[in-house]
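I opened a new notebook page for this structure. The entries below record what I looked up, in the order I looked.

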Amino acid sequence: KIQNMNSIDAIFYRFSSYNKIIRTIAYMLRFLDKKKNLGELIDPLEFANTEKWYIKTLQKRYFKEEISLLEKNLPLNPHSKLIGLNTFLDPNDQLLKVGGRLHHSPDLTFTEKHQVLLPNNNIFLTRLVTQIHLSNNHCSPLWTLGYLRQKYWILQGKLHINQILRTCITCQKVNKKPAVQIMGELPTERITPNSAFENTSCDLAGPFYIKQMDGIGHPNHRKGPMKIWLVIFTCLTTRAIHLDALIGNYETQTFLLCFQRFVNRRGLVRKMFSDMGSYFVRADKHLTAGFEQLKNDQHLHKKLADLQTVWEFGTPYAPFRLALHERLIHSVKICMQKEFRKIDNKLTAPEFLSCLTTYEAILNQRPLTAITNDINNFSPLTPAHLLLGKNLRTLPDISEAKPLEPPTSQTVLQK
């Protein structure tokens, strides 16, 4: 009925939906058959007949020689692509189908035992594979091939389905592996032996919400929740951490008080690293002014003026430059999620600070070296070993402890 098949093939390039293409061809065939009404919708039977009609024309185009030999009951050419598929012409619909060894299986349908043969590398196959792939929630190429094998047999199907689905933008976004970048050189502060927290990295996380308290220390449920920010100080040499919090606000003065508590507990800091947070920038200005006053103060020791904290800021909008404390903040949040699932509005300020000290002790006992199965290897090195020379939660063996002897007059005189 249709002399020029190029007009039919152009429909596959005009539309991307396989179902829409088959319906369009069905309307074209209905237009040629003047007995049918063009206004009626395409029913499933007419849709299936249109699909078979186009597959039949496609097979005649790609397998013309094989079809003519099978119609004459002659063997196929030994060099034919279909020589190993035991193909035959179905007398019911005149479609070229593959054979097999499951002809007598009672559990399979005739279509599942003898699939319709489809040529590869054509626009019809591209639209069909894309339709199956999208209708099944972007399934994998292997799953798509298994679904198509229930009805169709595609020559070199696995290869061509992989080529077709490689153009799916959604799958590329989800399945594409991230680019592997060459790691940069470690800074001098990371590889130079120094005392703990001499070179420190600092960052904030939050806000979290805590319960407010009344005058006698009980939670006040009438008042709304109060904000609190997590402050983490990370030693660049020992990888130890120090956790604190900013209660109520994260202004510069509040952070300076937190920094003062940190210095009083861990010692003076020679160099501090942080991102370009506004509170950090203002804190750096206050520290600089304070150190200028220390230089002019004659009552302070001269050495204190030399031990200044140099504050270095990371590149703006580049958190990967300070990934050291970003990764540890993630570890702290994991501890919170596993203990409270959702920590907001569950704790008071003292309880929140107590939890931070617990997380600090846990993370300061994380192994820094590899753990192997060799019995000759010692226990892994942790930040607590570098801070205290032992684990934070390891008690001495009672059996090895020496019993205390009662004091004598001689020992008292010696003291």
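This is a predicted model: local features need pLDDT of at least 70, side-chain atom pairs count only at pLDDT 80 or more; totals for chains, interfaces and linings use all residues.

**Entry: the partner of Glu198**

I looked for what the side chain of Glu198 meets, and found a salt bridge with Arg270 at 2.8 Å, N to O. I then placed both residues: Glu198 is in the loop between α10 (188-191) and β5 (199-210), and Arg270 is in the loop between α11 (252-266) and β8 (271-274). The two are 72 residues apart in sequence, so this pair ties together separate parts of the chain. Arg270 has a relative accessible area of 43%, which I noted as partly exposed.

**Entry: Arg261 and Asp244**

I turned next to Arg261. Its salt bridge is with Asp244, and the closest N and O atoms are 3.0 Å apart. Arg261 belongs to helix α11 and Asp244 to strand β7 (residues 241-247), so the bridge ties a helix to a strand across 17 residues of sequence. I checked the cover on each. Arg261 is partly exposed at 31%, whereas Asp244 is buried at 6%.

**Entry: the whole structure**

How many salt bridges does a search of the whole structure find? I got 8. One of the salt bridges I looked up has Lys151 and Glu51 as its side chains, at 3.6 Å from N to O. This pair links distant parts of the chain, 100 residues apart: Lys151 sits in the loop between α7 (141-148) and β4 (152-154), and Glu51 sits in helix α3 (residues 44-62). Lys151 has 38% relative accessibility and goes down as partly exposed. Glu51 has 8%, under the 20% cut-off, so I listed Glu51 as buried.

I followed up on Tyr27, which lies in helix α2 (residues 18-32). Its relative accessible area is 31%, so I recorded Tyr27 as partly exposed.

Key:
Residues are numbered from 1 along each chain as its sequence is written. Side-chain values use heavy atoms; hydrogens and water are left out. Helices (H or I, at least four residues) and strands (E, at least two) are DSSP runs, numbered from the N terminus. Buried means under 20% relative accessible area, exposed over 50%, partly exposed in between (1.4 Å probe, protein chains only). A salt bridge is a side-chain nitrogen of Lys or Arg within 4 Å of a carboxyl oxygen of Asp or Glu.
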